[in-house]
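Opening the notebook on this one. I'll jot down what I look up as I go.

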Amino acid sequence: MKRVLLGTLVILHALAHAASGVWLAAEGPVWLVTVMWGVAMLGYLAAGFGTLRVPLLRRWWKQTMVVATIASIVLFLTYLHPLGLLGSVFDLVLLLVVFEGAQAFIDEDIAVVEAVGVRGLPHPWAHRAGWAIATLFLVYAAAVVVVRPLYLRWGTTRDERLMTLPGDDPSITARYRVDHAITIRAPADSVWPWLVQLGQDRGGFYSYSWLERMIGDKVTNADRIHPEWQQLQAGDTIYATQPGYLGADRFGWRVTSVVPNRALVLENWGAFVLQPVDSGTTRLIIRTRGEGKPSVMGLVLGPVSVFVFEPAHFIMQAEMLRGIKERAERTSYRVARG
């Protein structure tokens with residue numbers, strides 16, 4: 001039981017590091033933060049699963065624990081926030097607890113498993129299933145760590161990520177950043193009508209509506225421009241769901257700014273910006289910015305954000321950009337041909 005409790009604690013400590021990937025995104029050298037974050041989180045996961053006797057990982061749990069602790073301390077030293085300093089202290093305490101009080105019985109338990117094999121354990125099928133789930137999650141977490149820097153800036157250039165766009169608040173340090181973009185072979189005034197009619201009760205979101213309908217969100221994507229949906233102003237709401245969805249109030253994003261043929265800014269989503277390249281080409285940039293301040297709630301929600309929300313959001317938003325591109329280019333082509 002002690003081994004299980006300790007392994008669970010190490011795994012929870014690993015998941016708590018998910019939030020630091022958001023908090024520290026704009027602090028120190030980006031490469032250093034990304035590498036140390038990944039090593040710390042994956043190292044603690046591997047060490048925790050190793051103490052729970054997952055094959056391969058159980059032979060290296062002590063080494064991965066040490067490497068994860070070093071990476072975690074380096075990570076938090078790049079941003080001297082009280083939560084970060086508290087985390088570094090916890091890193092050292094956890095390491096001391098493991099090596100001073102728990103190492104012997106963990107190694108002894110692992111030695112028994114190595115000797116008798118999984119068939120010698122009670123409920124071997126349950127152990128196999130648990131170990132398989134742990135291994136798959138570790139592989140998924142590693143994939144997220146490697147790919148995340150790419151899908152947080154998908155389609156954008158370095159200059160686009162650095163430029164000031166409508167919706168940027170100069171009064172805050174935006175530690176959380178997501179930039180997506182696509183090139184559309186159509187002028188900005190051909191793209192804008194599709195953008196301005198976003199909404200569950202309007203033109204939809206031009207993404208995977210079948211996925212949205214699978215979770216009960218009644219979204220239908222428009223394939224033509226609707227004149228009745230072309231009026232939008234600051235203070236309006238672009239709704240994501242129908243009334244009464246999941247028994248809650250209707251969810252949506254408040255429009256904070258509208259610059260016709262140029263920018264649409266939505267609170268808690270970001271800025272949709274049309275950047276003309278030439279008379280017949282436009283860059284559509286979607287920028288999300290947030291302070292990313294360290295908080296206790298962030299520790300709790302960090303794993304959900306990093307491992308669930310961000311990948312899902314990227315999949316849906318990338319398809320939305322492609323959907324707008326296809327519709328705008330088709331409309332522009334028809335207009336050009338008369």
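Predicted model: local features only at pLDDT ≥ 70, side-chain atom pairs only at ≥ 80, totals over all residues.

**Strand pairing**

I started at Val 273, which stands opposite Ile 285 in E6.

Next I checked what sits across from Ala 181, and its bridge partner in E6 is Ile 285.

I looked up E5, residues 270-278, and found it paired with E6 in the antiparallel sense over 7 bridges. I also noted that E5 and E6 make a hairpin, with 2 residues between them. Then I turned to E1, residues 176-184: 9 bridges join E1 to E6, and the two run antiparallel.

How many of the residues of E6 are buried? I get 9 of 10 for this strand, residues 281-290, and I'm writing it down as mostly covered.

**Helix H3**

I checked the length of H3, residues 61-77. At 1.5 Å a residue, its 17 residues should span 24 Å, and the end C-alpha atoms are 24 Å apart, so the two agree.

Which residues of H3 are buried? My list reads Trp 61, Met 65, Ala 68, Thr 69, Ala 71, Ser 72, Leu 75 and Phe 76.

**Surface patch**

I went looking at the surface and noted a nonpolar patch formed by Val 35, Val 39 and Val 67. Together they have about 200 Å² of accessible area.

I followed up on Val 35, which is found in helix H2, residues 30-51.

Note on methods. Residues numbered from 1 in each chain as written. Heavy atoms only, no water. Buried < 20%, exposed > 50% of the residue type's maximum accessible area, 1.4 Å probe, protein only. Helix = DSSP H or I, 4+ residues; strand = E, 2+ residues; numbered from the N terminus. Pairing = 2+ DSSP bridges. Patch = residues over 30% accessible without salt bridge, like charges linked within 9 Å, V, L, I, M, F, W, Y side chains within 5 Å. Areas by Shrake-Rupley, 256 points an atom, 1.4 Å probe, with all protein chains shown as cover. Salt bridge = Lys/Arg side-chain N within 4 Å of Asp/Glu carboxyl O. Expected span 1.5 Å × (residues − 1).
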